[in-house]
Amino acid sequence: MMDLKNKRVLVVGLGKSGLSAAMFLRAQGARVTVSDSRSAVALAKEIPALLEAGIMVESGGHGLLTFRRQDLIVVSPGVPLDTPEVKQVVAFGLTVIGELELASRYLLGEVVAITGSNGKTTTTTLVGKILSDAGVPTQVGGNIGLPVIDLVAKSTPETVNVLEVSSFQLETIEEFHPWIAVILNITPDHLDRHGSFEKYVAAKERIFERQGPGDALVLNGDDRVTQMSAARAKSEVFWFSGTKAVRRGAFVRDGVIVWVEKEGGVTEPIMPVSEVHLKGAHNIENVLAAVCAARLAKVSAESIRASVATFRAVEHRLELVRKLNGVEFYNDSKATNVDATMKAVASFSKGIHLILGGKDKDSDYGTMAELLKERVKAVYTIGSAAEKIERQLHGVVKMVAAGTMQTAVTEAAKAAAVGDVVLLSPACSSFDQFENYEHRGRVFRQLVDELI
């Protein structure tokens, strides 16, 4: 734990985790200032509570003097480390950490941390359910929506904290040390933030940098990048694979998910794949990863089977909204990169009306060409990335420049035939037209409901 009493601490960025961090720091006796680039008008909901708690607020930009006059700086995940003020104070030797690192200094119990370009939320939610159903004192938080700092108050030495962690959060860790770390996959994403794929991979791999021989690292045996991560691990490595047997970990054999704890050990059946109620091969991978984490946490095969069999898709992740006039409408708003969208499209054989677009993250949409040609009837583009998507996929599939979600849903519903699928799987972030991917997904659901 850190002694924060009377320390001058600056929280940069007033998102959900920044607000929680500021309140926590104040409760620890720190002299807290928050700084956000948004205007006082945009922060009207947050400012009164902060001032009432005795927290100073700087809005409308970051003052360099504000940054220099601190003992500690806590940056929110949405704040890039190459922000000029942050770069300068790092050069001055000031300590800069994130909310995840701050929380980890106070969080009691073990940590199961899950990262990856895709599947984090589904796997984190599933692991939390499996452990909780088995009677393990469990908390779930992190990038999934509940800041890790909010878990501190209820944590005990017996608690298992299941955390979804992003590359943005992992950039600012120092002592964060998960007992079980899971990397589901690593494909190009957030290149606009990290600058290169190599830097993105390095950020993801920080999840296991503090691990040692008593810890476990779970990796995807079917993912080329995560395969290479094993060479840099000091912890025990376990694998999961949907296509082949692994030496240690979980895989599928003759339609059954199995677990083997050590090389040459007994192969233990967990459950038939047919009992998994999640759509797509990528979700079988997520279940396999969850099985690894759960067995490493000593949950029985019987208990895992019961939990997985009753698990349904998480909100905004290949979520069936409704079937209308023989057409199925799926909300996959959480697909914020190309790889996620390709996995969603691969979950259906044909007849897809795909809604694509939003804010571009320096993505290459052309990599989807063959898959879209094979399974998609038409693409409906929305948002600021529309022109780039239309250019990169020109001639591949029928393109409809919808512009807005409302037009896309209306046009797709009009064009879809019985047996077709209307799929929102945007391959982009949501911040051009929506507050976040949840808001985007809710708007899609509402528009689908209004079709009735």
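How many bridges join E17 to E20, and which way do the two strands run? The answer is in the first close-up below; keep in mind throughout that this is a predicted model.

**Close-up 1. Strand E20 pairs with E17 and with E16.** Four bridges join E17 to E20, and the two strands run parallel. To find your place in that pairing, look for Leu354, whose bridge partner in E20 is Leu423. Strand E16, residues 327–331, is joined to E20 as well, again by four bridges and in parallel.

**Close-up 2. Helix H13 is mostly covered.** H13 takes in residues 338–345, and seven of its eight residues are buried. The buried set is Val338, Asp339, Ala340, Thr341, Lys343, Ala344 and Val345. What do these residues pack against? Their neighbours are the helices H11 and H14, along with strand E17 (352–357), strand E18 (376–382) and strand E20 (421–424).

**Close-up 3. Leu372 sits in helix H14.** The helix covers residues 369–375, and Leu372 is one of them. Is Leu372 buried or exposed? Its relative accessible area is 0%, so Leu372 is buried. Setting aside neighbours within four places in sequence, Leu372 is in contact with Leu354, Val379, Leu393 and Val397. For a sense of scale, pick out Glu205: it is 167 residues from Leu372 along the chain, and the C-alpha atoms of the two are separated by 31 Å.

**Close-up 4. Val376 is a residue of strand E18.** You'll find Val376 in E18, and it counts as buried because its relative accessibility is 8%, below the 20% cut-off for that label. Not counting residues up to four places away in sequence, Val376 touches Val345, Ile352, Leu354, Leu371 and Val397. If you zoom out to Ala91, you are 285 residues away along the chain, with 50 Å between the C-alpha atoms of Ala91 and Val376.

Close-up 5. The unreviewed UniProt entry gives residues 316–428 the annotation "domain: Mur ligase C-terminal". Over residues 316–428, the chain is 29% helix and 30% strand.

**Close-up 6. Helices H11 and H12 pack against each other.** Two packed helices are described by the angle between their axes and the distance between the axes. For H11 (residues 281–296) and H12 (residues 301–309), the angle is about 145° and the axes are 11 Å apart. The crossing of H11 past H12 is right-handed. On the H11 side, look for Val287, Val291, Ala294 and Arg295, which meet Ala301, Ile304 and Val308 in H12. Sorted by class, this contact has six nonpolar residues, no polar ones and one charged one.

**Close-up 7. Nine strands make an open sheet.** Their order is E7-E8-E6-E9-E10-E11-E12-E13-E14, and the pairing is mixed. Why is one side of E7 and of E14 left without a neighbour in the sheet? Strand E7 (138–142) and strand E14 (267–272) stand at the edges with a single partner strand each, so one side of each has no neighbour in the sheet. Ignoring direction, neighbouring strands of this sheet are turned by 20° against each other on average. At the E7 end, E7 and E8 pair in the parallel sense over five bridges. One spot to look for is Gly142, which stands opposite Glu164 in E8.

**Close-up 8. Asn161 lies in strand E8.** This strand covers residues 160–164, Asn161 among them. Asn161 counts as buried because its relative accessibility is 0%. Leaving aside neighbours within four places in sequence, the contacts of Asn161 include Leu107, Leu108, Gly109, Glu110, Val111 and Val112. Gln139, Leu151 and Ser155 are in contact with Asn161 too.

Close-up 9. Most residues other than glycine have a negative phi. Asn6, in the segment before strand E1 (8–12), has a positive phi of about 65° although it is not a glycine. Asp362 is in the loop between E17 and H14, and its phi is also positive, at about 65°.

Conventions. Residues numbered from 1 in each chain as written. Predicted model: local features only at pLDDT ≥ 70, side-chain atom pairs only at ≥ 80, totals over all residues. Heavy atoms only, no water. Buried < 20%, exposed > 50% of the residue type's maximum accessible area, 1.4 Å probe, protein only. Contact = heavy atoms within 4.5 Å. Axes fitted to C-alpha atoms, helices over the stretch in contact; angles between N-to-C directions. Left-handed = near helix turned anticlockwise from the far one by under 90°. Nonpolar A, V, L, I, M, F, W, Y, C, P; charged D, E, K, R; others polar. Pairing = 2+ DSSP bridges. UniProt positions renumbered as here; feature names shortened; annotations may be inferred.
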